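Welcome, and thank you for opening the viewer. Let's take a short walk together, one selection at a time.

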Amino acid sequence: MANPSAVCNGHLHYHQKQNNLLKSGISKKNGITKGIKKNGVSNGSLSKKAFIEHFEQAPMYVAVLTFVGFGVGTIFGYLRDFMRAWGLEKRNVATEREQQKDFVPLYQDFENFYTRNLYMRIRDNWNRPICSVPGPQFDLMERVTDDYNWTFRFTGRTIKNVINMGSYNYLGFAETDANALKTVAKELQKYGTGICSTRQEMGTLDKHVELEKLVARFLGVEDAMVFGMGFATNSMNIPALVGKGCLILSDELNHTSLVLGARLSGATIRIFKHNNIQSLENLLKDAIIYGQPRSRRAWRKIIILVEGIYSMEGSIVRLPEIVSLKRKYKAYLYLDEAHSIGAVGATGRGVVEYFGMNPDDVDVLMGTFTKSFGAAGGYIAGKKDLVDFLRTHSHSAVYATSMCPPVAEQIIRAMKCLMGLDGTTQGLQRVQKLGKNTRYFRRRLHEMGFIVYGNDDSPVVPLLLYMPGKIGAFARRMLEKSIGVVVVGFPATPITESRARFCVSAAHTREMLDTVLNALDELGDFLHLKYSRYSKSAHPELYEESRFELED
Amino acid sequence: MDIKRVKDYFYWLYFQYLLITCSYVLEPWEQSMFHTITVTVFAMVLYTAYVFIPIHVRLAFEFFSQMFGGQPESTV
């Protein structure tokens, strides 16, 4: 277990020791050896860890009934639009002024058809205002609607202690314990809240330098740079790294920030099927053989954009295979660990540690502090040359204000807790608690007969609902039972696969999880959600095993 | 107690129908309209079945029995 004396041995000694061990491929962090981990791999080329993912398909009648439901919604949508257009009903959406009727239309009515007619009817399940810290439980402001969700009003009451299954609070650092936040309060007094400058002008504080060194040490890389906003980390730095004449190979289900960054860069974008190594390899082969579209020249750079954990599916990237592919075809790898940093891995260092690989295998390690660290902002880490390049060329460094000091201090204290540098084993306990909670929750859901997507080790648990009518019913009834869930429907997910997404946290106690599971059991029977035809086994892979040669 | 269970079961069936056809999200007047249309269509299907199926079954039976039963008669 963690040995506090080894940590306090002297900063320099610890640092040297870590460097040595990283070179030999075995990492010894906080005095814990890899041997304790169940499938500890020290060579790091291809992990022998069991990779169990589920993507079970529902019976055919479910898809048919889903389309029937959407059909009914669409028909009534047309009816209501007709009534609104002919003045039989009051119009609540934005419309132009009477004087501007002959101008070019400002609002394209049909584009918002889905929002107006389907989303509005169940809108009370989203954007619920909370009035406490989003820890394992929170307080909600009660609101009612008089005109079917077009407007809301607050009754003045609060619903207390709603179990929070929607916040990305993986390690439970969203807390208000005054003891834990001592250093943050001190820094707030010392530095204030605003920076009022960009990194390149006067916005680089000693706090940023300290944080960047700590992030680099945490991840086991040479250097890191932090940014004030997680979304902007992706969208502003990908254009700095690639440009015209480069090729981006991006996963089907990548987050909007990655898609936006890729589009802003001006490079050619090709999409490969989600987590499908064969599809990626075919794209790489075509890229190398055929080159750029008209001139047939070689691509200046080929970069693969993947995420550590995909937030809508709960699947984990197949990192060992992708790294072997990238080595074979000489491409670069950009790994977005927004949901996986702090949440997977034996000591919370992300998917790189989860697969037992060397952080040097990934060219650009990106992550956010919003999820596991209870703060805000993002980082990019990797070789010193890369980070130095980003310090001068990133749009964020030139134009965006830097991260504010109290937030930086929150990240520092969370990371120190996680690494064990504060002298306790609390960080490691949190990571292990999260792992236990995740496995327990997923196992029980599978046993109950729900269709749950994703990897067995990912704390993001999507439970499939399929039919549009059930989305609203599920969320409302869970709130009646004092459990707050996030439901997702059409634009964010494929049209037939709407889901409820649970985010397990280390701060959830076993009793809270049992309450949620019992409520799910009851609601699953009442709403008829238990579609699974298997009740404990993993569904066989939906695509054939990819065969590819491995180069050592 | 039994009556309550039966009533709960029928309420559960009605609720499943609401969820499946997505009429759970509709406003009350839209729901009434949808229920009226559905019940009308369903009643028409039942009536058609009641009127036509026995006649068709009888005709089909006669047709097939003529085809198979008629052979021995003609050779004799």
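Begin where chain B meets chain A: across this interface, 7 residue pairs are in polar contact, both partners at pLDDT 80 or more. Keep in mind as you look around that this is a predicted model.

Next, colour the side of chain B that touches chain A. Helices α1 (2–20) and α2 of chain B each supply at least two of its residues, and α1(B) gives the largest share, 6 residues. By type, this side of chain B divides into 13 nonpolar, 2 polar and 2 charged residues.

Now show both partners at once. You will find 17 residues of chain B in contact with 22 residues of chain A. Together the two chains bury about 1,900 Å², with 70% of that on carbon and sulfur atoms.

How many salt bridges cross the interface of chain B and chain A? The rule finds 3. To see a salt bridge between these chains, select B:Glu30 and A:Arg121, whose closest N and O atoms are 2.8 Å apart. Side chains of opposite charge can pair in this way when their charged atoms come close.

Stay with chain B and select B:Trp29, B:Met33, B:Ile37, B:Val41, B:Met44 and B:Val45. These residues form a nonpolar patch on the surface, with about 540 Å² of accessible area together. One of them, B:Val45, lies in helix α2, which covers residues 28–75 of chain B.

For the last stop, widen the view: the whole structure holds 34 salt bridges over all chains. Pick A:Glu313 and A:Arg499, whose side chains meet in a salt bridge at 3.0 Å, N to O. A:Glu313 sits in the loop between β7 (302–307) and α10 (319–329) of chain A, while A:Arg499 belongs to strand β15 (residues 499–503), so this pair ties together parts 186 residues apart in sequence.

Methods
Residues are numbered from 1 along each chain as its sequence is written. Chains are lettered from A and ligands numbered from 1 in the order in which they are written. Side-chain values use heavy atoms; hydrogens and water are left out. Patches are made of residues with over 30% relative accessible area and no salt bridge: like charges are joined within 9 Å, nonpolar side chains (Val, Leu, Ile, Met, Phe, Trp, Tyr) within 5 Å. Accessible areas come from the Shrake-Rupley method with a 1.4 Å probe; for residues, only the protein chains shown count as cover. A salt bridge is a side-chain nitrogen of Lys or Arg within 4 Å of a carboxyl oxygen of Asp or Glu. Helices (H or I, at least four residues) and strands (E, at least two) are DSSP runs, numbered from the N terminus. Contact means heavy atoms within 4.5 Å. Buried area is the accessible area (1.4 Å probe) that two parts lose on being put together, summed over both. A polar contact is a pair of N or O atoms within 3.5 Å; within protein, one must be able to donate a hydrogen and the other to accept it, and residues adjacent in sequence count only if both atoms are side-chain atoms. Ala, Val, Leu, Ile, Met, Phe, Trp, Tyr, Cys and Pro count as nonpolar, Asp, Glu, Lys and Arg as charged, and the others, Gly among them, as polar.
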